[in-house]
Amino acid sequence: MEEVLTSHFWLGLGTIIWVNIILSGDNAVVIALAARSLPARQQKLAIFWGAGAAVVLRIILTVVAVKLLEFHYLKLVGALALLWIAVKLLVPEEGGDDEVQSSSHLMGAIKTILIADLVMSTDNVIAVAAAAKGSITLLVLGLVISIPLVIFGATMLMKLMERYPIIITLGAAILGWTAGDLAVTDPAIAAWVKANVHWLDSLFLAHAAGAVFVVVLGKWIAGRKAIAYAKHLDREGRP
(Lines give C-alpha, C1' and ligand atoms only; values in the text may rest on other atoms or scores of the structure.)
Protein backbone atom coordinates (compact mmCIF):
# COMPACT_ATOMS: atom_id res chain seq x y z
CA MET A 1 0.00 0.00 0.00
CA GLU A 2 2.90 2.36 0.75
CA GLU A 3 4.15 1.90 -2.80
CA VAL A 4 0.81 3.06 -4.25
CA LEU A 5 0.98 6.32 -2.29
CA THR A 6 4.27 7.46 -3.86
CA SER A 7 4.60 9.82 -6.86
CA HIS A 8 7.14 7.36 -8.30
CA PHE A 9 4.42 4.70 -8.50
CA TRP A 10 1.93 6.93 -10.35
CA LEU A 11 4.58 8.24 -12.73
CA GLY A 12 5.58 4.66 -13.52
CA LEU A 13 1.96 3.63 -13.98
CA GLY A 14 1.37 6.48 -16.41
CA THR A 15 4.51 5.54 -18.35
CA ILE A 16 3.46 1.88 -18.63
CA ILE A 17 -0.04 2.78 -19.83
CA TRP A 18 1.24 5.33 -22.35
CA VAL A 19 3.99 3.08 -23.73
CA ASN A 20 1.68 0.09 -24.01
CA ILE A 21 -0.98 2.12 -25.84
CA ILE A 22 1.60 3.48 -28.30
CA LEU A 23 3.16 0.07 -28.98
CA SER A 24 -0.08 -1.93 -29.12
CA GLY A 25 -1.81 -0.21 -32.03
CA ASP A 26 -0.76 -2.93 -34.47
CA ASN A 27 -1.84 -5.65 -32.04
CA ALA A 28 -5.31 -4.13 -31.88
CA VAL A 29 -5.55 -4.06 -35.67
CA VAL A 30 -4.50 -7.73 -35.84
CA ILE A 31 -7.20 -8.64 -33.31
CA ALA A 32 -9.83 -6.91 -35.44
CA LEU A 33 -8.57 -8.61 -38.62
CA ALA A 34 -8.50 -12.07 -37.02
CA ALA A 35 -12.18 -11.79 -36.02
CA ARG A 36 -13.46 -10.05 -39.16
CA SER A 37 -15.05 -13.15 -40.72
CA LEU A 38 -17.12 -14.07 -37.65
CA PRO A 39 -20.76 -13.09 -37.10
CA ALA A 40 -21.15 -9.83 -35.13
CA ARG A 41 -21.94 -11.53 -31.81
CA GLN A 42 -19.03 -13.95 -32.11
CA GLN A 43 -16.70 -11.11 -33.07
CA LYS A 44 -17.27 -9.54 -29.66
CA LEU A 45 -16.72 -12.89 -27.93
CA ALA A 46 -13.53 -13.56 -29.90
CA ILE A 47 -12.14 -10.12 -29.06
CA PHE A 48 -13.11 -10.48 -25.39
CA TRP A 49 -11.68 -13.96 -24.85
CA GLY A 50 -8.73 -13.51 -27.19
CA ALA A 51 -7.80 -10.22 -25.55
CA GLY A 52 -8.30 -11.69 -22.07
CA ALA A 53 -5.96 -14.58 -22.84
CA ALA A 54 -3.48 -12.13 -24.36
CA VAL A 55 -3.53 -10.02 -21.18
CA VAL A 56 -2.72 -13.05 -19.00
CA LEU A 57 0.02 -14.21 -21.36
CA ARG A 58 1.49 -10.69 -21.60
CA ILE A 59 1.58 -10.35 -17.79
CA ILE A 60 3.36 -13.71 -17.40
CA LEU A 61 5.95 -12.86 -20.06
CA THR A 62 6.57 -9.39 -18.63
CA VAL A 63 6.96 -10.71 -15.06
CA VAL A 64 9.63 -13.07 -16.42
CA ALA A 65 11.29 -10.14 -18.22
CA VAL A 66 11.25 -8.03 -15.01
CA LYS A 67 13.03 -10.83 -13.15
CA LEU A 68 15.57 -11.31 -15.95
CA LEU A 69 16.47 -7.61 -15.84
CA GLU A 70 17.83 -8.15 -12.33
CA PHE A 71 20.81 -10.04 -13.82
CA HIS A 72 24.02 -8.25 -14.79
CA TYR A 73 24.23 -6.76 -18.30
CA LEU A 74 20.66 -7.70 -19.24
CA LYS A 75 19.47 -4.15 -18.56
CA LEU A 76 22.13 -2.89 -20.96
CA VAL A 77 20.92 -5.33 -23.60
CA GLY A 78 17.34 -4.31 -22.86
CA ALA A 79 18.26 -0.63 -23.21
CA LEU A 80 19.74 -1.23 -26.66
CA ALA A 81 16.67 -3.23 -27.70
CA LEU A 82 14.40 -0.47 -26.39
CA LEU A 83 16.30 2.20 -28.34
CA TRP A 84 15.86 0.19 -31.54
CA ILE A 85 12.16 -0.38 -30.84
CA ALA A 86 11.69 3.35 -30.27
CA VAL A 87 13.51 4.30 -33.48
CA LYS A 88 11.42 1.82 -35.49
CA LEU A 89 8.31 3.45 -34.06
CA LEU A 90 9.19 6.65 -35.93
CA VAL A 91 9.94 4.92 -39.24
CA PRO A 92 6.86 4.21 -41.40
CA GLU A 93 6.35 0.50 -41.97
CA GLU A 94 5.01 -1.13 -45.08
CA GLY A 95 1.78 -2.89 -44.30
CA GLY A 96 1.47 -6.59 -43.68
CA ASP A 97 -2.10 -6.73 -42.37
CA ASP A 98 -3.32 -8.75 -45.32
CA GLU A 99 -1.19 -11.66 -44.12
CA VAL A 100 -3.35 -12.01 -41.01
CA GLN A 101 -5.77 -14.86 -41.54
CA SER A 102 -9.32 -14.44 -40.36
CA SER A 103 -11.28 -17.42 -39.06
CA SER A 104 -14.91 -18.38 -39.48
CA HIS A 105 -14.85 -20.25 -36.14
CA LEU A 106 -14.76 -18.65 -32.70
CA MET A 107 -11.98 -20.85 -31.28
CA GLY A 108 -9.92 -20.39 -34.45
CA ALA A 109 -10.19 -16.61 -34.14
CA ILE A 110 -9.21 -16.71 -30.44
CA LYS A 111 -6.20 -18.88 -31.30
CA THR A 112 -5.16 -16.48 -34.08
CA ILE A 113 -5.48 -13.48 -31.75
CA LEU A 114 -3.41 -15.18 -29.05
CA ILE A 115 -0.63 -16.28 -31.43
CA ALA A 116 -0.52 -12.90 -33.20
CA ASP A 117 -0.32 -11.02 -29.91
CA LEU A 118 2.44 -13.33 -28.69
CA VAL A 119 4.48 -12.84 -31.87
CA MET A 120 4.01 -9.05 -31.89
CA SER A 121 4.49 -8.40 -28.18
CA THR A 122 8.28 -8.59 -27.81
CA ASP A 123 8.62 -4.81 -27.93
CA ASN A 124 5.76 -4.31 -25.45
CA VAL A 125 7.23 -6.82 -23.01
CA ILE A 126 10.70 -5.21 -23.01
CA ALA A 127 9.35 -1.66 -22.72
CA VAL A 128 6.82 -2.38 -19.98
CA ALA A 129 9.29 -4.49 -17.97
CA ALA A 130 11.74 -1.58 -18.11
CA ALA A 131 9.13 0.98 -17.06
CA ALA A 132 7.95 -1.20 -14.14
CA LYS A 133 11.44 -1.04 -12.54
CA GLY A 134 10.93 -4.29 -10.66
CA SER A 135 7.46 -3.54 -9.29
CA ILE A 136 5.07 -6.41 -10.05
CA THR A 137 2.13 -4.38 -8.67
CA LEU A 138 2.91 -1.54 -11.07
CA LEU A 139 3.37 -3.96 -13.94
CA VAL A 140 0.08 -5.83 -13.49
CA LEU A 141 -1.96 -2.66 -12.92
CA GLY A 142 -0.44 -0.95 -15.94
CA LEU A 143 -1.15 -3.87 -18.27
CA VAL A 144 -4.65 -4.54 -16.90
CA ILE A 145 -5.59 -0.88 -17.48
CA SER A 146 -3.88 -0.27 -20.82
CA ILE A 147 -4.56 -3.44 -22.82
CA PRO A 148 -8.38 -3.15 -22.69
CA LEU A 149 -8.02 0.53 -23.65
CA VAL A 150 -6.03 -0.50 -26.70
CA ILE A 151 -8.36 -3.30 -27.74
CA PHE A 152 -11.67 -1.52 -27.38
CA GLY A 153 -10.41 1.89 -28.44
CA ALA A 154 -8.24 0.68 -31.32
CA THR A 155 -10.04 2.60 -34.07
CA MET A 156 -10.02 5.86 -32.15
CA LEU A 157 -6.38 5.44 -31.13
CA MET A 158 -5.25 4.75 -34.69
CA LYS A 159 -7.12 7.82 -35.97
CA LEU A 160 -5.64 10.01 -33.24
CA MET A 161 -2.13 8.82 -34.02
CA GLU A 162 -2.64 9.47 -37.74
CA ARG A 163 -4.06 12.93 -37.09
CA TYR A 164 -1.54 13.92 -34.41
CA PRO A 165 1.85 12.30 -35.24
CA ILE A 166 3.30 14.09 -32.20
CA ILE A 167 1.69 11.31 -30.10
CA ILE A 168 3.96 8.75 -31.76
CA THR A 169 7.00 11.00 -31.37
CA LEU A 170 6.29 11.51 -27.67
CA GLY A 171 5.84 7.76 -27.22
CA ALA A 172 9.19 7.08 -28.90
CA ALA A 173 10.86 9.74 -26.74
CA ILE A 174 9.46 8.10 -23.59
CA LEU A 175 10.91 4.77 -24.72
CA GLY A 176 14.28 6.44 -25.29
CA TRP A 177 14.07 8.05 -21.83
CA THR A 178 13.29 4.64 -20.29
CA ALA A 179 16.22 3.07 -22.18
CA GLY A 180 18.60 5.67 -20.72
CA ASP A 181 17.33 4.91 -17.21
CA LEU A 182 17.64 1.18 -17.86
CA ALA A 183 21.25 1.46 -19.00
CA VAL A 184 22.60 3.40 -16.00
CA THR A 185 20.83 1.19 -13.46
CA ASP A 186 22.19 -2.14 -14.74
CA PRO A 187 23.58 -4.05 -11.72
CA ALA A 188 26.88 -4.50 -13.53
CA ILE A 189 27.62 -0.76 -13.74
CA ALA A 190 25.19 0.95 -11.32
CA ALA A 191 27.77 1.23 -8.49
CA TRP A 192 30.43 2.62 -10.85
CA VAL A 193 27.97 5.14 -12.33
CA LYS A 194 26.97 6.30 -8.84
CA ALA A 195 30.60 6.69 -7.75
CA ASN A 196 32.03 8.32 -10.88
CA VAL A 197 29.33 9.83 -13.08
CA HIS A 198 26.34 10.09 -10.74
CA TRP A 199 25.07 13.13 -12.67
CA LEU A 200 24.12 10.84 -15.57
CA ASP A 201 21.38 9.43 -13.36
CA SER A 202 20.70 12.18 -10.81
CA LEU A 203 20.32 14.90 -13.47
CA PHE A 204 18.52 12.53 -15.85
CA LEU A 205 21.14 13.20 -18.54
CA ALA A 206 21.29 9.56 -19.64
CA HIS A 207 17.49 9.52 -19.84
CA ALA A 208 17.40 12.73 -21.90
CA ALA A 209 20.19 11.48 -24.16
CA GLY A 210 18.18 8.35 -24.88
CA ALA A 211 15.09 10.39 -25.76
CA VAL A 212 17.01 12.80 -28.03
CA PHE A 213 18.90 9.95 -29.72
CA VAL A 214 15.68 8.14 -30.58
CA VAL A 215 13.85 11.16 -31.97
CA VAL A 216 16.81 12.45 -34.02
CA LEU A 217 17.77 9.05 -35.46
CA GLY A 218 14.17 7.98 -36.06
CA LYS A 219 13.25 11.21 -37.85
CA TRP A 220 16.44 11.05 -39.92
CA ILE A 221 15.77 7.47 -41.06
CA ALA A 222 12.13 8.32 -41.78
CA GLY A 223 13.22 11.32 -43.86
CA ARG A 224 15.69 9.23 -45.84
CA LYS A 225 13.04 6.62 -46.46
CA ALA A 226 10.57 9.26 -47.68
CA ILE A 227 13.15 10.70 -50.08
CA ALA A 228 13.98 7.23 -51.44
CA TYR A 229 10.29 6.49 -51.94
CA ALA A 230 9.76 9.81 -53.75
CA LYS A 231 12.67 9.03 -56.09
CA HIS A 232 11.21 5.58 -56.73
CA LEU A 233 7.89 7.15 -57.75
CA ASP A 234 9.70 9.60 -60.04
CA ARG A 235 11.51 6.76 -61.80
CA GLU A 236 8.20 5.01 -62.40
CA GLY A 237 6.61 8.24 -63.61
CA ARG A 238 3.88 8.22 -60.96
CA PRO A 239 2.30 11.49 -59.77
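**Figure 1. Overview of the predicted model.** The protein exposes about 13,600 Å², and carbon and sulfur atoms supply 69% of it. Accessible areas come from the Shrake-Rupley method with a 1.4 Å probe; for residues, only the protein chains shown count as cover. This is a predicted model: local features need pLDDT of at least 70, side-chain atom pairs count only at pLDDT 80 or more, and totals for chains, interfaces and linings use all residues. Residues are numbered from 1 along each chain as its sequence is written, and side-chain values use heavy atoms, with hydrogens and water left out. The secondary structure comes to twelve helices and zero strands. Helices (H or I, at least four residues) and strands (E, at least two) are DSSP runs, numbered from the N terminus. Of the 239 residues, 40% are buried. Buried means under 20% relative accessible area, exposed over 50%, and partly exposed in between (1.4 Å probe, protein chains only). Among contacts with a separation of 6 or more, 87% join residues 24 or more positions apart. Contact means heavy atoms within 4.5 Å.

**Figure 2. The largest nonpolar core.** This core holds 39 residues. A nonpolar core is a set of buried Ala, Val, Leu, Ile, Met, Phe, Trp, Tyr and Cys residues joined through side-chain atoms within 4.5 Å. Which residues touch the most other members? They are Leu82, Leu175 and Val214. H1, H3, H4, H6, H7 and helix H9 (166–184) each supply at least two residues of this core. H1 gives the most, with eight residues. Beyond its neighbours within four places in sequence, valine 214 is in contact with Leu83, Ala86, Val87, Leu90, Ala172 and Gly176. A second, separate core has six residues, including Ala35, Leu38, Ala109 and Ile110.

**Figure 3. Glycine 171 and its contacts.** Glycine 171 lies in helix H9. Its relative accessible area is 2%, so glycine 171 is buried. Neighbours within four places in sequence aside, glycine 171 is in contact with Trp18, Ile22 and Leu89. Glycine 171 and leucine 89 are 82 residues apart in sequence, yet 8.4 Å apart in space, C-alpha to C-alpha.

**Figure 4. Threonine 15 in helix H1.** Helix H1 spans residues 7–23 and contains threonine 15. Threonine 15 counts as buried because its relative accessibility is 19%. Leaving aside neighbours within four places in sequence, threonine 15 is in contact with Ala131, Ile174 and Thr178.

Figure 5. H6 is mostly covered, with eight of its eleven residues buried. These buried residues are Asn124, Val125, Ala127, Val128, Ala129, Ala130, Ala131 and Ala132. Lysine 133 lies in the loop between helix H6 (122–132) and helix H7 (136–152). Lysine 133 has a positive phi of about 50°, although it is not a glycine. Most residues other than glycine have a negative phi.

**Figure 6. The salt bridges.** The structure holds two salt bridges. A salt bridge is a side-chain nitrogen of Lys or Arg within 4 Å of a carboxyl oxygen of Asp or Glu. Aspartate 181 pairs with lysine 133, the closest N and O atoms being 3.3 Å apart. This pair links distant parts of the chain: aspartate 181 is in helix H9, lysine 133 is in the loop between H6 and H7, and they are 48 residues apart. Aspartate 181 is buried, at 8% relative accessibility. Lysine 67 pairs with glutamate 70, with the closest N and O atoms 3.9 Å apart. Lysine 67 is partly exposed at 42% relative accessibility, and glutamate 70 is partly exposed at 48%.

**Figure 7. A nonpolar surface patch.** Val56, Ile60, Val64, Leu68, Phe71, Leu74 and Val77 make a nonpolar surface patch of about 620 Å². Helix H3 (40–68) and helix H4 (74–90) are the elements that give two or more residues to the patch. H3 supplies the largest share, four residues. Patches are made of residues with over 30% relative accessible area and no salt bridge: like charges are joined within 9 Å, nonpolar side chains (Val, Leu, Ile, Met, Phe, Trp, Tyr) within 5 Å. Phenylalanine 71 sits in the loop between H3 and H4. With a relative accessible area of 51%, phenylalanine 71 is exposed.

Figure 8. Phenylalanine 204 lies in the loop between helix H11 (199–202) and helix H12 (205–236). Phenylalanine 204 has a positive phi of about 60°, although it is not a glycine. Phenylalanine 204 counts as partly exposed, at 43% relative accessibility.
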